[in-house]
Amino acid sequence: MKKIYCLVLALFMAITTFAQKSPEEFLGYKMGDRFTPHHRIVDYFEHLAASLPNVKLVYYGETYENRPLFIAIVSTPENMGNLENIRLDNLKRTGMIDGTPSTKVALNWMQYNVHGNEAVATEAAMTTFWQIADPSNNQSKEWLQNQVLILDPCANPDGKDRYTIWYNQKQNSRLQPDPQSMEHFEPWPGGRPNHYLMDLNRDWAWQTQKETVQRIELYHEWMPHLFVDFNEQGIDSPFYFAPAAQPIHEQLSPFQFEFQTLYGKNTAAKFDEQGWFYFTKERFDLLYPAYGDTWPTYNGAIGMTIEKGGSGRAGLGMLNSLGDTVTLKERIEHQHVAGISAVEVTAQNAAKLTDEFANYFKSNSSSPRAKYKSFVIKGDQNPERVNALLELLDKNKIQYGFAGNRSGLKGLDYSSGKSATFSTTDKDIIVNAYQPKSVLTQVLFEPEATLQDSITYDITSWALPYSYGVQAYGLETKLDAAKKFEKTAFKANSVDGNPLAYLVSWNATKHPQFLAALLNEKIRVRFAEYSFEMEGKIYPSGTLIIHRNGNQYLSDYDQKVVSAANKFEINLNPTNTAYVDKGKDFGSSDVKAIVAPKVALLGGDAVSSLNFGELWYFFEQELDYPISILDANNLARFDLSKYNVILMPSSRGGSISENNIKKVMEWVKAGGKLIAFENALNTFADKDGFDLSRYDTEEEKKAAEKEEKEIQNVERLEPYQERERMGISTSAAGAIYELKIDESHPLGFGLGGKFYTLKNNDSRYAYLDKGVNVGIIPNNEAYRFGYIGNKIKPKMAQSMVYGVENQGRGQIVYMADNPMFRSFWESGKLLISNAVFFVGQ
């Protein structure tokens, strides 16, 4: 019996040792010969998990196109047997759970292919994981003694397959590196973003996309010590790895920077052995908190970006500017070596990684480093917006509580940008930095980051009170919560009698969501153009009035209204009279009926896929409202009379031809509404027949042109190496301005007379002469925080940012800034909803 057992055991060991295959053996081709579709990547990792006892797959969600998201975990058999204890021990180091850790195993998380058309990453991921998991590799066994490798082979499967399927259809059978060949020109919108054309590598802090939400939920279960994000850059840039460039956020710990240097030197040595080019300390900084290197960094990890030259254009191989062919095989090899270096350096520093990780959380939670230690959010103003902000804090595991009644407090008033005294009530929220998520809390609330260098890779200000449009204060001292936060249970509306009308507020994103739900049910809704008063309560402009008249044909009218209100936790105010105590009665011509808009969104070549994606996502996933997508190049073929709203996203140039513009304007004058964003305004600015202009007068234009010429005369004599720095003097990188809003106009309803815009362009438009200037920068005091060049900052005063121009029976709504940048600028969603549902009704 014992002999039989030994034979069975030997057979089992033989199967588990030799059945596993390398990527080439499993896929049937050499790595670099082609791009692998996502389902085959899944197959390969499932094969390894089935054939290797020390490999585990964890499926953590799926994409909008229903592709699976998963991580692969590998370590020694001993560590894998103790994996749950290792994971929990690490959470104990953060203070997120109680207890003292008994293990010292480093957690190394490597993520690939967050940008779908940077598709070399997934090929490298299979190569790297196999080398580490290969049971015949004694070196990797040694490295895994004190680390667990967590590998996400494809963070963006939808974008990856969009690119892979297209490229595999277009590639030549022989390697064709000619940059002019079709396979090197990826069609719009490209494989970089996810299904909704959102950049997942700029979504970590905001978690607007389901892929990000699901990934960060899993991330919080592990809280790794190292996070390496594998990307690609332009083909003429060889290879980038850490240390990062300036500006580096002041919250980085000395060890986080030290490890970046250790990794950089180790990787450099490996590249030097092969004679490969690379660069460090340039271009890729550590500032904006929503990247795959910065967000982990602000959560205690060593966050690092890897960038190999190539990207979507390179395909299987393409000539760079020197005439050298950059091949997929080469790109895989370089990323593979960079990944192996990360595993090696982690193994060499595992004990210090775990110790410094624990120290990071202990020191920051007990002695926060940044200027502002506590933040107060006024909960009695716009509670719907406050609740939306708290939902984001929950996603980021940031703790908060109730303030209680306190007076004589002093801190930064976000609304004015200046110090002020204030009091708190038991409805206000306190978020202080004395908690496990100390650094992330301070970063997300900081008015603006300290810049060692004003040349940055992304925006420089993102403070949550501005993006959510809430009243808040930042204090330089610790202010503890007086009471643990407990969400007030929503008191559901009930079908009680047959009220004449239901009244609903309009000041947060949930209100247009509710309106969209009613319109989808064919329920007629009106809105008040003027504020009114009933039974001692003031209802501001924009209040929704859901009157029984016109809806009596719906047998379940009350049930549908109540059901929609409860879904979005909206309080209904029923009334049995259309007579108001002050203001306009419900039958007034100033109480407008909302004709359910039929909305079209322009896409196609030259249209900004990112701005397009923000709008597409908003309508489909947040409003759940129907939207048609039209190719801007083919408008001549379409019957535009089917739509009464067209959204025109920002563009790289002339996104609509002159003939198509003529057709669109005929549609506008016949009663259509065109909403144009950012660079799309160039289609109309300073053109005959439009009120939009960059200058008020011809004299002002000539003066500006003279000033521009003088600047150019100075700049052309500047040293060549200083020209990039000179160039940013005419750019903006996330500058926050407080706009004065005309709340008497439908475009301004619900905003409370002001709106914080995030300026990411140098566009400046004069006040409209005949149109309505709804959102303006009245003076230079409207600037709050964030970088804007010194040569354009003074010119922003007395300019129009959001306005409406009548054209015939229709309107053009001008949006010079993007109101809901990357879908995280939450308060701007109300502005867009006003444009779609209210303007022109």
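A residue counts as buried when its relative accessible area is under 20%. With that cut-off in hand, colour the whole chain by burial: buried residues make up 60% of the 841 residues in the protein. Keep in mind as you go that this is a predicted model.

**Stop 1: the whole protein**

Along its principal axes, the C-alpha trace spans about 95 × 60 × 55 Å. Switch to a cartoon view and you can look for 24 helices and 35 strands. The radius of gyration is 29 Å, close to the 28 Å that the globule rule gives for 841 residues, so the protein is as compact as a globular protein of that length. Now think about who touches whom. Among contacts between residues at least 6 apart in sequence, 77% join residues at least 24 apart.

**Stop 2: an open sheet**

Select residues 55-62, which form β1, and then bring in the rest of its sheet. In what order do the seven strands lie? Reading across, you will find β1-β2-β4-β3-β5-β9-β6, an open sheet with mixed pairing. Look at the two edges: β1 and β6 (239-240) each have a single partner strand, so one side of each is left without a neighbour in the sheet.

To see one place where they face each other, pick E62 and find P68 of β2 opposite. Then show residues 120-133, helix α6, which packs on the sheet. This helix touches β1, β2, β3 (106-112), β4 (147-152) and β5 (226-233), and its direction makes about 150° with that of β3.

**Stop 3: a helix to walk along**

Select residues 254-274 to bring up helix α10, with its 21 residues. From first C-alpha to last, α10 reaches 31 Å, close to the 30 Å expected at 1.5 Å a residue. Show the side chains and look for the buried ones, including F255, F259, Y263 and F271. Here is a handy idea while you look: an α-helix has 3.6 residues a turn, so residues three or four places apart point the same way. Just after α10, click on G275, which takes a positive phi of about 75°.

**Stop 4: into the cores**

Which residues touch the most other members of the largest nonpolar core? Select F514 and L647, which hold that place in a core of 171 residues. Helix α20 (residues 609-623) gives the most to this core, with seven residues. Now centre on L647 and, leaving aside neighbours within four places in sequence, look for its contacts, among them V599, L615, F619, I675 and V836. Apart from this core lies another, of 62 residues; I41, I306, A338 and A347 are among them.

**Stop 5: a strand with several partners**

Finish at residues 732-741, strand β30. Nine of its ten residues are buried, so β30 is largely enclosed by the rest of the structure. Bring in its partners one by one:

- Residues 783-788 form β33, which pairs with β30 in the antiparallel sense over four bridges; A732 stands opposite I788.
- Residues 754-759 form β31, antiparallel to β30 over six bridges; here the bridge partner of Y737 is T757.
- Residues 772-777 form β32, joined to β30 by two bridges and running antiparallel; I741 stands opposite G775.

Terms used
Residues are numbered from 1 along each chain as its sequence is written. This is a predicted model: local features need pLDDT of at least 70, side-chain atom pairs count only at pLDDT 80 or more; totals for chains, interfaces and linings use all residues. Side-chain values use heavy atoms; hydrogens and water are left out. The expected span of a helix is 1.5 Å times one less than its number of residues. Buried means under 20% relative accessible area, exposed over 50%, partly exposed in between (1.4 Å probe, protein chains only). Two strands pair if DSSP finds at least two bridges between them. Contact means heavy atoms within 4.5 Å. Axes are lines fitted to C-alpha atoms, for helices over the stretch in contact, and angles run from 0 to 180 degrees between N-to-C directions. A nonpolar core is a set of buried Ala, Val, Leu, Ile, Met, Phe, Trp, Tyr and Cys residues joined through side-chain atoms within 4.5 Å. The radius of gyration is taken over C-alpha atoms; the globule rule is 2.2 Å times the number of residues to the power 0.38.
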